[in-house]
Amino acid sequence: MKFLFLLAANIKRKKIRTFLTLGSYFTAFLLFGLLSAIKSAFNQGVDVAGANRIVVGNKTSIIMPLPISYMEKFFELNGVKNVTYASWFGGYYKDPKNFFAQMAVDSYTYFDVYSEFKIEKNQFLDFMKDRQGCIVGKKTAEKYGFKIGDKIPIIASVWGGVWEFNLRAIYTGTKPEDDLTQFFFHASYLEERRPWGKGMVGWYIVEIEKPELAFSISREIDSIFSNSPYETKSDTEKAFALGFVKQIGNIELIILSIGAIVFLTLLLVTSNTMELSVRERSAEFAVLKTIGFSDSLLYFLTISESLFYSFMGGSLGILVAKLFTLKGDPTGGFLPVFYISMNQMVLGFLLIFVFGFLSGILPARRVYKLRIVEALGRI
Amino acid sequence: MVGVDGTGTKSSFLKARNLDKIYYRGEEEIHCLSGLNLDVEKGEFIAFMGPSGSGKTTLLNLLGGLDKPTRGTIFANGIEITSLSENMLAKWRSSNVGFVFQMYNLLPVLTAYQNVEIPLLLTSLSKKEREEHVLLAMELAKIVDRRNHYPSQLSGGQQQRVSIARAIVSSPLFLFCDEPTGDLDRKSGDEIMDLLRSLSKQLDITVLMVTHDPHAAEKSDTVLHLEKGILIEGKPLR
């Protein structure tokens, strides 16, 4: 602590340089925070995927349907606890830019399988009684100002026409990463109104008793329907969600690549700044050594200076990113879950420490190796 | 008494024996000091004089533990400093040695007070105790009224006083001064020399000073001339 004034004096020495160095860290970690939030948004399905849920889709493509008759066969399998299904609706509210996921689900089973979605009992009963009823996530309801009882017209891109729904329930989640933007309605209503595709569903979700049964049950399901007109492809929900994300591209690789380039640049810039700063102060370090400061103490002080820059700039960057994500999705629906998790915050602070330390290593080594008589020109 | 022939008493306060210092410039060997001997008693004020390149600063570097000789030994207050590790040498310097440089070498971002406080950061003194020591040293160096000034706000003579206060603040046994008046006008130089002289007597510090200035050297107890890497005893001036 008693060396703090030395540290503070050095930081105040060149205010513009200090500001720019802090700015480098701030920008890099602001970007880190935002990229983490974007990664969360893309991986949201992966993160919340239940380990005890298997998704069964058409082997040809997830957009191809499966017969409704498969449902009973799933129930016959050992280890299966529950089965439900869903179909993609693909519509929009008033304007194509007002997009959120709409799904026709088996109302009797869907919310038992997805028990993380919390719905008030009365609202759910109202939903069950209304053929045109729908359940909307809290975020979407807030965004469009939907209230219980509202009529919500959805323009169906796939099926055509305007489909009118009555908002009967609003669901909430149990975890911050739960997707609260979805819109669910009765599969029976879809079945009744759609002109084709009757008797078919989009995909099944099979809830199993134990996660370790996932592999064997998946294989069993696929073998039952092999060589049938509608072969299946079963996978854990996590793998299914990952596959979905990969259809867009390897988001994680893109984000990691951007992050790596930014941080490599940061490391080079801040190391260079620290190196310049130390080089300018060679004579002062030599004086401190003359006075009796040991090589290791000066090494520690130089690293501390580097860590100060990284912590001040980096923490502020992460904090601002966190505040920004608290406002929610900035894209108007493309990134439904936009937040920085606690794990990512911890990783951010770990990176702040690592980069602060790495930036200081070479300058600190220079200070450590500095010879008094050479630095003071006393030969 | 100062001795340069290597026959001084075993208990000399500062004793150098057969000091060699060779610098290498590419393949070329530069013999800076050759078999130099020196014995100094406690409380003496010695001035080293000699032409440029004669090795005065090199000798001060070796005696002050800033550099190591190529050969030979140095004992300071019974400790063989030539055998100490870098860390031990730093520790020894912090509690035994004060340095005064020609260009003052104050840290420009710190106030006079903070500059003087630096050596005490290496001790276990509390903030309050450090403050007492710093103010006393600044009082002795007659610069206490400028304690909140930065070096750039002080004249050369005032900066040298701060530098002297910094050198004596941890009550060292030795004070090494390299051309302490070299950057000052005659009046300021005289004042600094008078200050060093009085501190030497008042605090019983052994002072070893390198100077080009015969007028400054006159203030010392003994002048030693360094020529071609060896010391030649001069006539005591007092």
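**Helix packing, domains and cysteines**

In chain B, helices α5(B) and α6(B) form a right-handed crossing. Please bear in mind throughout that this is a predicted model. Helix α5 of chain B covers residues 156-168 and helix α6 of chain B covers residues 186-203; their axes come within 10 Å and cross at roughly 15°. An angle under 35 degrees counts as roughly parallel, and α5(B) is therefore roughly parallel to α6(B). On the α5(B) side, the residues in contact are B:Gly157, B:Gln160, B:Arg161, B:Ile164 and B:Ile168. Their partners in α6(B) include B:Ile192, B:Leu195, B:Leu196, B:Leu199 and B:Leu203, and B:Ser188 and B:Glu191 also take part.

Let me turn to a helix pair in chain A. Helix α11 of chain A, residues 282-291, packs against helix α12 of chain A, residues 295-326, at an angle of about 140°, and the two axes are 10 Å apart. How are α11(A) and α12(A) oriented to each other? Roughly antiparallel would require an angle over 145 degrees, so the pair α11(A) and α12(A) is classed as oblique. Here too the crossing is right-handed, as α11(A) passes α12(A). The contact brings A:Phe285, A:Leu288 and A:Lys289 of α11(A) to A:Asp295, A:Leu298 and A:Thr302 of α12(A).

On the scale of the whole chain, chain A is divided into two parts: domain 1 comprises 4-45 + 250-375, and domain 2 comprises 53-209. Between the C-alpha centres of these domains of chain A there is a separation of 46 Å.

The buried residues of α1(B) are B:Lys56, B:Thr58, B:Leu59, B:Leu60, B:Asn61, B:Leu62 and B:Leu63. Just after α1(B), B:Gly65 adopts a positive phi of about 75°.

Finally, the cysteines. How many disulfides does the structure hold over all chains? The count is zero. For B:Cys32, the closest cysteine sulfur belongs to B:Cys177 and lies 20 Å away, which is too far for a bond. B:Cys32 has a relative accessible area of 12% and so counts as buried. In chain A, A:Cys134 is likewise classed as buried, because its relative accessibility is 0%.

Methods: Residues are numbered from 1 along each chain as its sequence is written. Chains are lettered from A and ligands numbered from 1 in the order in which they are written. This is a predicted model: local features need pLDDT of at least 70, side-chain atom pairs count only at pLDDT 80 or more; totals for chains, interfaces and linings use all residues. Side-chain values use heavy atoms; hydrogens and water are left out. A disulfide is a pair of cysteine sulfur atoms within 2.5 Å. Buried means under 20% relative accessible area, exposed over 50%, partly exposed in between (1.4 Å probe, protein chains only). Domain bounds come from an automatic or database domain assignment. Axes are lines fitted to C-alpha atoms, for helices over the stretch in contact, and angles run from 0 to 180 degrees between N-to-C directions. Helices (H or I, at least four residues) and strands (E, at least two) are DSSP runs, numbered from the N terminus. Angles under 35 degrees count as roughly parallel, over 145 as roughly antiparallel, 65 to 115 as roughly perpendicular and the rest as oblique. A crossing is left-handed if the near helix is turned anticlockwise from the far one by less than a right angle, and right-handed if clockwise. Contact means heavy atoms within 4.5 Å.
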